[in-house]
Amino acid sequence: MKFNQSLYALYSIQTIMTNTQRQWLAALAATTIIVAVLVASVPASQTQVFAQQVPATSNEKTVSATGTATTSVDPDILNINFGVETEAKTAKEAMSVNSEAMAQIVVAIKKLGITEDELGTSGFSIYPVYKDITDPITGIYIRSELSGYRVSNILTVKTTQLTLASSILDVAVEAGANRVDSVSFILSPKTQLAVQNDLIEQAVLNAKSKAEKAIAPLGQKIIGVKMVSLSDFAYPPPIYYGGYALAEAKAPPIFSSNQDVTTTVNIVFLIGEK
C-alpha cells in the first residue's frame, strides 16, 4: 500500500512540473508576441528619425563657386498696346462708338502689313461714370449721379516687324486711337531658349575656372561635382512709351536696342589632392 502511495506522489510531482513548464512556456510566448507587436507598431518615421540622428562621417572636401554669364541680344518682337476710350450717356451708345473706332484702326493697321494673327485684344471694360453734385452756394458735396458710361478697348500688336513701331502708332491715332499704353521690344520664346542654353554653359565654365584658380595654390584639384544650382535669367525691363498725346503730332522715332541677359550658377565641387 505504501508503494502505491509513493508511485502516486511521484506521478503528481511530474504532473505539477509539466503543468508549470507549460505555463512558463505560454507566458514566454505571450511576452514575445507583445514585444513583436510593440516593435511593429513603431511608426517608420520614428525609426528614420532615430537613424538620422546618428551623425554620418564624411571625408569629402568641397569648394563652392558662383559663375556668371552675360550676353547682349537683339530683341525680335515688337509689342504695342493702345486703344480707344469712349464715353456716352448709355452703355450701348458708348460701345457702338468704340467698336466703330476700333474697326477703323484695325483696317488702317492691316494696310501696313500687320496680319490678323499679329492682333489681339488685351483688355476690354465698360463701367459707369458718376459726377459729384455739390451745393452751388456752399460747395458742399450732396450726392453722386450717374452721368454715363465709359468703354475702354485695348488692342495689342505683336509682330516681328520692329521698324513699324512709329508707323503703327501714327495710323492708329489717325484712325481714332486716343490712348497709348506701352511700346516694348522683347525676345521671342525661341530666342530666349537659345540664349539660356548658351549662357548656362558659359556660367558653368566660369564657375569651374574660379574654383580651379582658388584651389590650385592649395595643391588641390577638382575631382567631381556635388551640387549645381541654377538661378533665374535676368532680362531687362521692356522699354515703355506711353501716356503722351499723338493726335496733334507724329509719333516720335522708336528704335529697338540690344538687351543684356544674365544668368548665374552656384556649383559645389568635390576636390582632392593633385
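At what angle do α3 and α4 pack, and how far apart are their axes? The points below work towards that pair and then move on to α5.

1. **What you are looking at.** Welcome to this structure, which is a predicted model. The protein chain holds 5 helices and 7 strands. If you follow the sequence, the elements come in the pattern α-α-β-β-α-β-β-α-β-α-β-β.

2. **The chain as a whole.** Of the 274 residues in the protein chain, 29% are buried. Among contacts with a separation of 6 or more, 84% are between residues 24 or more positions apart.

3. **The length of α3.** Helix α3 covers residues 91–110. With 20 residues at 1.5 Å a residue, α3 should span 28 Å, and the 28 Å between its end C-alpha atoms agrees with this.

4. The buried residues here are Ala94, Asn98, Ala101, Met102, Ile105, Val106, Ala108 and Ile109. Looking down the axis of α3, you will find these buried residues within an arc of 160°, so they line one face of the helix. On the face of α3 turned away from the buried side sit the exposed residues Lys92 and Glu100.

5. **What covers α3.** Several elements lie over the buried residues of α3, including the strands β2 (77–88), β3 (119–134) and β4 (141–159). Helix α4 (165–175) is also part of this cover.

6. **α3 against α4.** Here is the reply to the opening question: the two helices pack at an angle of about 145°, and their axes are 8 Å apart. The crossing of α3 and α4 is right-handed. On the α3 side, the contact involves Ala101, Gln104, Ile105, Ala108 and Ile109. Their partners in α4 are Ile168, Val171, Ala172 and Ala175. By type, the residues of this contact are 8 nonpolar and 1 polar, with no charged ones.

7. **The length of α5.** Helix α5 runs over residues 189–215.

8. **The buried residues of α5.** Which residues of α5 are buried? They are Thr191, Val195, Leu199, Ala203, Ala207, Ala211 and Ile215. Among the elements that cover them are β1 (61–73), β6 (220–230) and β7 (259–273).

Conventions
Residues numbered from 1 in each chain as written. Predicted model: local features only at pLDDT ≥ 70, side-chain atom pairs only at ≥ 80, totals over all residues. Heavy atoms only, no water. Helix = DSSP H or I, 4+ residues; strand = E, 2+ residues; numbered from the N terminus. Expected span 1.5 Å × (residues − 1). Buried < 20%, exposed > 50% of the residue type's maximum accessible area, 1.4 Å probe, protein only. Arc of directions from axis to C-beta. Contact = heavy atoms within 4.5 Å. Axes fitted to C-alpha atoms, helices over the stretch in contact; angles between N-to-C directions. Left-handed = near helix turned anticlockwise from the far one by under 90°. Nonpolar A, V, L, I, M, F, W, Y, C, P; charged D, E, K, R; others polar.
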